[in-house]
Amino acid sequence: MKNNELISIILPVYNGEKYISLAIESCLNQSYSNIELIIVNDCSTDGTLEVITPFLEKDHRITVLNNPINLKLPASLNIGHRIAKGDFITWTSDDNIYKFDAIEILVNELENREADVVYSDFIMINEIGSILTEVEYGEFENNIFGNFIGASFLYKKEVFQRNNGYDENLFLVEDYDFWLRAIVHSKFSHIKKKLYYYRKHDDSLTYQVKYINETKELWKNNLKKMYANFCFLVENEENEEIAIFLTNGLSFQKTAFEWFVNNHETIKKFKTNLKLNTNFNIKSTLIEKVFLIKTIDALRQSNSSKSKLSDLFFVLSNYGRVLGKNELKKLVKYFLKVN
């Protein structure tokens, strides 16, 4: 980068003694060296602090903040952001690892693309660091239906300021909520490079959301609040139907095809408002495409005894201009199966 700006990396941690040394090393060993690493220890009860201390003694770029009580991830992120000195900020997890040149690439792309937020693809690894799969994100429009920004990103400090930080009442969806709110006022850009190793293991929050009922319920409740707020930001009014639809999709609950038919005008209005946003582009057909895919998925799962021809006509009349080969194949298979 031309002016070698300071980059603030925030590392919140709670009981992360197992992997945190690798996470810290990946930050300190970056090819882009003008960084500060702000570690927010969220009242860990294991040996996390003992692992951190030797790094603190060796490298002046590290600051450690110790929360007096366990405040959870969104509060820890806000604490770290508020003391960050850099104009560009990112945060990472105690169990994940940056590639050697990750920050350098993120910084350069942030400037060259004139974006407010840049994010990259990543590699998923297991507990011992073996590669499980490589994750490549699709079109940005998919972010309506899930967090496809992921864990490898960099943004301007003003993105955090415009958002008034992370919502401390939305634990478990704080990052996705942050991105959805930022879509309203900031420009995003996707880097098609794998710059990050994301670790999948049984102690992660992702695992807890999937397998621990109490955590799963909290996640679902906060998901509903998040989407309700996003719909309000997009349309400047409440849209309960769309909020419930989006929540159901991310929490693996089916939406009946009849819902798409009955709420067609509501969906159309929501899509129109989305297209006004700079991240989606009013001339683009991608918003239509992602809603088409959801509509076809619901149609294929439908057990309705109504006329299948009328169902097909609904899809073709409303989405015919964005119908691709894959979607057409799905419709044909559906028609042949039920007739």
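Student: Asn 96, buried or exposed?

Tutor: Asn 96 is buried, at a relative accessible area of 2%. Buried means under 20%, exposed means over 50%, and partly exposed is in between, using a 1.4 Å probe and protein chains only.

Student: What sort of model am I looking at?

Tutor: A predicted model: local features need pLDDT of at least 70, side-chain atom pairs count only at pLDDT 80 or more, and totals for chains, interfaces and linings use all residues. Residues are numbered from 1 along each chain as its sequence is written, and side-chain values use heavy atoms, with hydrogens and water left out.

Student: Where does Asn 96 lie?

Tutor: In the loop between strand E4 (88-91) and strand E5 (97-98). Strands (E, at least two residues) and helices (H or I, at least four) are DSSP runs, numbered from the N terminus.

Student: Which side chain does the side chain of Asn 96 make a polar contact with?

Tutor: That of Tyr 196, at 3.4 Å. A polar contact is a pair of N or O atoms within 3.5 Å; within protein, one must be able to donate a hydrogen and the other to accept it, and residues adjacent in sequence count only if both atoms are side-chain atoms. The backbone nitrogen of Arg 199 also lies 2.8 Å from a polar atom of the Asn 96 side chain.

Student: And what does Asn 96 touch?

Tutor: Leaving out residues up to four places away in sequence, Asn 96 touches Ala 23, Ser 26, Tyr 196, Tyr 197, Tyr 198 and Arg 199. Contact means heavy atoms within 4.5 Å.

Student: New topic. How many residues does the largest nonpolar core have?

Tutor: It has 100 residues. Ile 24, Tyr 155, Tyr 227 and Phe 291 have the most contacts inside it. Such a core is a set of buried Ala, Val, Leu, Ile, Met, Phe, Trp, Tyr and Cys residues joined through side-chain atoms within 4.5 Å.

Student: Which residues is Ile 24 in contact with?

Tutor: Neighbours within four places in sequence aside, Ile 24 contacts Leu 11, Leu 37, Ile 39, Ile 52, Phe 55 and Ile 62.

Student: Now charges. How many salt bridges?

Tutor: The count is 11. A salt bridge is a side-chain nitrogen of Lys or Arg within 4 Å of a carboxyl oxygen of Asp or Glu.

Student: What does Asp 59 form a salt bridge with?

Tutor: Arg 61, with the closest N and O atoms 2.9 Å apart. Asp 59 and Arg 61 are both buried.

Student: Which residue meets Glu 109?

Tutor: Arg 113, in a salt bridge of 2.6 Å, N to O. Glu 109 is buried, at 16% relative accessibility. Arg 113 is partly exposed, at 30%.

Student: And Lys 269, what does it pair with?

Tutor: Glu 235, in a salt bridge of 3.4 Å, N to O. Lys 269 lies in helix H11 (residues 264-275) and Glu 235 in helix H8 (residues 213-235), so the pair ties together parts that are 34 residues apart in sequence. Lys 269 is partly exposed, at 38%, whereas Glu 235 is buried, at 9%.

Student: Which residues are linked in a network of salt bridges?

Tutor: Glu 134, Glu 136 and Lys 194.
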